[in-house]
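Here are my notes, point by point, for when you have a moment with the model.

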Amino acid sequence: MMLLIGQGERIVPIGPPEPRHCPGCETVTDFQPRLRYKYGSLDLLFGFSYGKRYELACTRCEHGWILDTRLTERELGKVPIPFHLRFGLPVMLAVLAFLGAAAYAVRHPG
Ligand SMILES: [Zn+2]
């Protein structure tokens, strides 16, 4: 069995930019609300995410603020991370457990 193992970081915009005064640019710029998270994956089906962080960042200089996770998710009504990265690990463990049980049953019929 061959597994493709990958990892990376994703930044997902979670809403329209809003104008704010940026201390970095010293002017009013667009601030993008976004979700940043890291993920690891075993092939394309199974993975996991970690280091989830909501932030509001200046689109010019990246200066920004960290948003409250619970408050932001309540406003969004969902977590914008793909299903397989959110729940891939438990699914993978369940599949392995199932395969293990099936292999055991084949070797020990009855
Ligand atoms: Zn800025």
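**Notes on the model**

1. Starting with Trp-65: this residue is partly exposed, because its relative accessibility is 36%. The scale is buried under 20% relative accessible area, exposed over 50%, and partly exposed in between, with a 1.4 Å probe and protein chains only. Before you read on, keep in mind that this is a predicted model: local features need pLDDT of at least 70, side-chain atom pairs count only at pLDDT 80 or more, and totals for chains, interfaces and linings use all residues. Residues are numbered from 1 along each chain as its sequence is written, and side-chain values use heavy atoms, with hydrogens and water left out.

2. What does Trp-65 pair with? A search of the whole structure turns up four aromatic pairs, and in one of them the rings of Phe-31 and Trp-65 have centres 5.3 Å apart and planes at 35°, so this pair is tilted. Phe-31 is in strand β3 (residues 27-42) and Trp-65 in strand β5 (residues 64-67), so to speak two distant parts of the chain, 34 residues apart, linked by the pair. Phe-31 itself is buried, at 0% relative accessible area. For the bookkeeping, rings of Phe, Tyr and Trp (its six-membered ring) pair if their centres lie within 6.5 Å; planes under 30 degrees apart are stacked, over 60 edge-to-face, and the rest tilted. Helices (H or I, at least four residues) and strands (E, at least two) are DSSP runs, numbered from the N terminus.

3. Another tilted pair is Phe-83 with Phe-87, at 5.0 Å centre to centre and 50° between the planes. Both sit in helix α2 (residues 83-107), four residues apart, about one turn of the helix. Phe-83 is exposed at 58% relative accessibility, while Phe-87 is partly exposed at 33%.

4. Now the metal. Which residues hold the zinc ion? Its protein donors are the SG atoms of Cys-22, Cys-25, Cys-58 and Cys-61, lying 2.3 Å from it. Donors here are N, O and S atoms within 2.8 Å of the metal (3.2 Å for Na, K and Ca); water is not among the atoms, so sites may look incomplete. The four donor atoms subtend angles of 105 to 115°, so the arrangement is tetrahedral (for four donors, all angles between 85 and 135 degrees). The spacing of the donor residues in sequence reads C-x2-C-x32-C-x2-C. Cys-22 is buried at 0% relative accessible area, whereas Cys-25 is partly exposed at 23%.

5. Two positive phi values deserve a look. Glu-26, in the loop between β2 (18-22) and β3, has phi near 55° and is exposed at 67% relative accessible area. Glu-62, in the loop between β4 (46-58) and β5, has a phi of about 70° and is partly exposed at 47%. Most residues other than glycine have a negative phi.

6. On to the packing. The largest nonpolar core has eight residues: Ile-14, Leu-35, Tyr-37, Tyr-39, Tyr-54, Val-79, Ile-81 and Leu-85. β3 gives the most to this core, with three residues. Such a core is a set of buried Ala, Val, Leu, Ile, Met, Phe, Trp, Tyr and Cys residues joined through side-chain atoms within 4.5 Å.

7. Ile-14 is in the loop between β1 (5-13) and β2, and is buried at 19% relative accessible area. Not counting residues up to four places away in sequence, Ile-14 touches Leu-35, Tyr-54, Leu-76 and Pro-80, among others; contact means heavy atoms within 4.5 Å. Ile-14 and Lys-52 are 38 residues apart in sequence and 13 Å apart in space, C-alpha to C-alpha. Leaving aside neighbours within four places, Val-79 is in contact with Lys-52, Tyr-54, Glu-73 and Arg-86.

8. Last, Val-28 in strand β3. Is this one buried or exposed? Val-28 is exposed, at 52% relative accessibility. Leaving aside neighbours within four places in sequence, its contacts are Pro-19, Arg-20, His-21 and Arg-60.

Note on methods. Four donors count as tetrahedral if all angles lie between 85 and 135 degrees; four count as square planar and six as octahedral if opposite donors are over 155 degrees apart and all others between 65 and 115; anything else is irregular.
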